[in-house]
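Please read it alongside the model.

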Amino acid sequence: MIRANCRERFTGADFDFIVRTLARSPNESVSLVDLLSEGETRDAVLDNPRLVDAILSNPAQLRISSQFYFYVLARHVLQQAGIGDRKLSDYVGSLLETFSHTSLMRTPHACGESVHQYISDMLIALQRVTPEQAFLLRAHVGNYSLFVSGIFHENTQRRSLRGGPDVRFYEQVGRANFQLVSSHATARRCELGDVFEELADRFHDVRLALNRLSDQLLNLDDDARSALGL
């Protein structure tokens, strides 16, 4: 299950990257002690556009974690879209990190041994699972819909011309399933109810932000596209 926890999993190499990057400007330098001692200081520092520039300027030689990479970029495009909730950025960053491993695009193992790759199969599977499994499956449908329509929107549109679901379909399905899981007890227990509710309310805006991320900042390989049949 995807959590809003990128910032909790930053590594020593990530903090070293921040310190080294911002040390180039005396007015923006920050100490490792500041980053580790206070969450608000860390969060403010993470919004510095110099981090985005440093990540994009030399991606082949980066020594940072995938959770740091995706959080910083997700936060950047979501802020540009007028979405300032850091917790939502944290969740979207975790989603991108998780789905960047193509084997994890499949449905959660808790839903049984069968792998339901496509949305229609996942929705059909809802008819024969427990309430807890239904929560996991609906959350996955929402996540999958956002990832496909956000990161692979051009491929999705091309496939729709051959009879596949279009971006509007994924928006409708994703929004509906995020809304359904937002009030679930598991969402409240995992402190994700507010995240799911905002994703349901602003699915279109988040999707467009991910379109910009895909078009301008990311360069995903063909393996991810193949895993989605795109």
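A residue is called buried under 20% relative accessible area, exposed over 50%, and partly exposed in between, using a 1.4 Å probe and protein chains only. The model is predicted, so local features need pLDDT of at least 70 and side-chain atom pairs count only at pLDDT 80 or more, while totals for chains, interfaces and linings use all residues. Residues are numbered from 1 along each chain as its sequence is written, and side-chain values use heavy atoms, with hydrogens and water left out.

**Salt bridges**

- A salt bridge is defined as a side-chain nitrogen of Lys or Arg within 4 Å of a carboxyl oxygen of Asp or Glu; by this rule the count is eleven.
- D47 and R75 form one of these, with their closest N and O atoms 2.8 Å apart. Because D47 lies in the loop between helix 3 and helix 4 (49-57) and R75 in helix 5 (residues 66-80), the pair ties together parts that are 28 residues apart in sequence. R75 counts as buried at 4% relative accessibility, whereas D47 is partly exposed at 22%.
- E97 pairs with R9 in a salt bridge whose closest N and O atoms are 2.7 Å apart. This pair joins helix 6 (residues 86-99), which holds E97, to the segment before helix 1, which holds R9; the two parts are 88 residues apart in sequence. E97 is buried, with a relative accessible area of 11%, and R9 is partly exposed, with 29%.
- D43 and R7 meet through their side chains in a salt bridge (3.1 Å, N to O). The pair links distant parts of the chain, 36 residues apart: D43 is in helix 3 (residues 39-46) and R7 in the segment before helix 1 (12-22). Both count as buried, D43 at 10% relative accessibility and R7 at 15%.
- R7, R42, D43 and D90 are linked in a network of salt bridges.

**Second largest pocket**

- Its lining consists of R3, A4, N5, R7, E8, R42, K87, D90, C190, E191 and L192.
- The lining residues divide into three nonpolar, one polar and seven charged.

**Helix 13**

- Helices are DSSP runs (H or I, at least four residues), numbered from the N terminus.
- The 15 residues of helix 13 (residues 203-217) should span 21 Å at 1.5 Å a residue, and the end C-alpha atoms agree with this, being 20 Å apart. The expected span is 1.5 Å times one less than the number of residues.
- The buried residues of helix 13 are F203, V206, R207, A209, L210, N211, L213, S214 and L217.

Definitions and conventions: 1 Å grid on protein atoms, 1.4 Å probe; cavity = no way out; pocket = protein on both sides within 12 Å on 5 of 7 lines; lining within 4 Å. Nonpolar A, V, L, I, M, F, W, Y, C, P; charged D, E, K, R; others polar.
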